[in-house]
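This report looks at a few local packing arrangements in one protein chain. Please keep the sequence and the model open while reading.

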Amino acid sequence: MAASHHLILLVLCLTAAAASAHNITAILDGRSEYTLYNSYLSETKNALRLLTLLDYFDEKKLHSIGSSSQLTTSLYQTTGQAAGDMGHVNITDLRGGKVAFASAAPGAKFQSTYTKRVADFPSNLSVLEVSDPITFPGLFGAPSAPSANLTDLLEKAGCKQFARLIVSSGVVKTYQAAMDKALTLFAPNDDAFKAKDLPDLSKLTSADLVALLQYHALPQYAPKASLKVANGRIPTLASTGAGKYDLTVASSGDEVSLDTGVDKSRVASTVLDDPPTVILTVDSVLLPHVIFGGAPSPAPAPGPAADVPASAPAPEGSSPAPSPKAAGKKKKKKAKSPSHSPPAPPADSPDMSPADAPAGDAVDKVESKKNGAAAAAVSVAASVASVVLAVAFLL
């Protein structure tokens, strides 16, 4: 067999999120010498994961290791399926300047050595060629996570209600078909369906329910680490060309939240991270604005003032306050001609002060004083006229 058929690619990256930003298939397009590597992609995911290191190594860094060894973590180790240190890779600089790779599992051999650089994106992604695959005894018999048992995974993760919905609606078939390509699923836990402000999902049409459930999935592999650096709008399985049913991702520290335009939900935990599929739980049902944007807000609870109706009857024994017009009529009715108004009589009781008198009596007293003054003025004028006439008669 030609030597070129034994070549396999080693992908070295700083983070899983950085790797997802580059299309490895596009990088290798047209390179027929990596056909063996492609066969490993179809045979087992675990072999590929062991060739993906969560650290950045370019040619310069590899040769700077010197005579020592360095242990680094592979993507296989992060799946939780690797027993012990099987998912760690030992990088050693051998004699003659060769750099070799081997699994840290007992019995693993340094059969894989660095050959050449294929492509690199400094401090982000490095694609290197190696002579042989990195393996350990039993690697190709190691089981991968079952893709068909989606509902069991959801039920064990405390998402039973969500599992029932995707089965009854038939959306589970859509999810399973996407799992072999790329799928990120946001599964609301059972407490999310008990929220008091959750709309009645049983009133949705079949089409809206399917759209709602498809809104909980992305057509891409996006683990939580990737979502932390993916701030902005992202399409879901329900998205249209017009951008409807998109989600907005925001992160703060280690927290990742999903904004639907109606509410926000926190990404809580990882149920499955098995590239190209990842299942994450969220703490509330994602309500797309397209369906629930026009839903009225719950009415606010009435305050203390609202407990008494505006039309409540007045307490017994009380009389309604007179209107301004009525008060004016009352004053006009009591007003008398200045010539006929006698001076106001003294108060019957010295104990009653003006402040104790009713408001209407106080007005009457003021009017009486004005009328008394006017009457006095008329009397004086009449007296003066009489004196003038008497003097004229004597003259």
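Leaving aside its neighbours within four places in sequence, with which residues is lysine 61 in contact? The contacts of lysine 61 beyond those neighbours are with Asp55 and Tyr56, where contact means heavy atoms within 4.5 Å.

## Basis of the model

The model is predicted, so local features need pLDDT of at least 70 and side-chain atom pairs count only at pLDDT 80 or more, whereas totals for chains, interfaces and linings use all residues. Residues are numbered from 1 along each chain as its sequence is written, and side-chain values use heavy atoms, with hydrogens and water left out.

## The chain as a whole

The secondary structure comprises 14 helices and 14 strands, taken as DSSP runs numbered from the N terminus, with helices being H or I runs of at least four residues and strands being E runs of at least two. Of the 395 residues in the chain, 35% are buried; buried stands for under 20% relative accessible area, exposed for over 50% and partly exposed for values in between, with a 1.4 Å probe and protein chains only. Among the contacts with a separation of 6 or more, 61% join residues 24 or more positions apart.

Lysine 61 lies in helix H5, residues 59-63, and is partly exposed, its relative accessible area being 29%. Arginine 49, by contrast, belongs to helix H4, residues 45-50, and counts as buried because its relative accessibility is 2%.

When residues up to four places away in sequence are not counted, arginine 49 touches Ser74, Leu75, Tyr76, Thr79, Gln81, Asp274 and Pro275. The C-alpha atom of arginine 49 is separated by 9.2 Å from that of threonine 78, and these two residues are 29 apart along the chain.

## Helix H8 against helix H10

Two packed helices are described by the angle between their axes and the distance between the axes. For helix H8 (residues 160-169) and helix H10 (residues 206-214), the axes come within 10 Å and cross at roughly 130 degrees, which means that H8 is oblique to H10. Here axes are lines fitted to C-alpha atoms, for helices over the stretch in contact, and angles run from 0 to 180 degrees between N-to-C directions; under 35 degrees counts as roughly parallel, over 145 as roughly antiparallel, 65 to 115 as roughly perpendicular and the rest as oblique.

On the H8 side the contact is made by Phe162, Leu165, Ile166 and Ser169, and on the H10 side by Leu209, Val210 and Leu213. These residues divide into six nonpolar, one polar and no charged, with Ala, Val, Leu, Ile, Met, Phe, Trp, Tyr, Cys and Pro counted as nonpolar, Asp, Glu, Lys and Arg as charged, and the others, Gly among them, as polar.

The buried residues of H8 are Phe162, Ala163, Leu165 and Ile166. They are on the same side of H8 because they cover an arc of only 160 degrees around the axis, the arc being that of the directions from the helix axis to the C-beta atoms. Their cover includes helix H7 (150-156), helix H9 (171-179), strand S8 (183-188) and H10. Just after H8, glycine 170 has a positive phi of about 85 degrees.

The axes of H9 and H10 also come within 10 Å, crossing at roughly 30 degrees. That contact is made by Val171, Thr174 and Tyr175 of H9 with Val210, Leu213 and Gln214 of H10.
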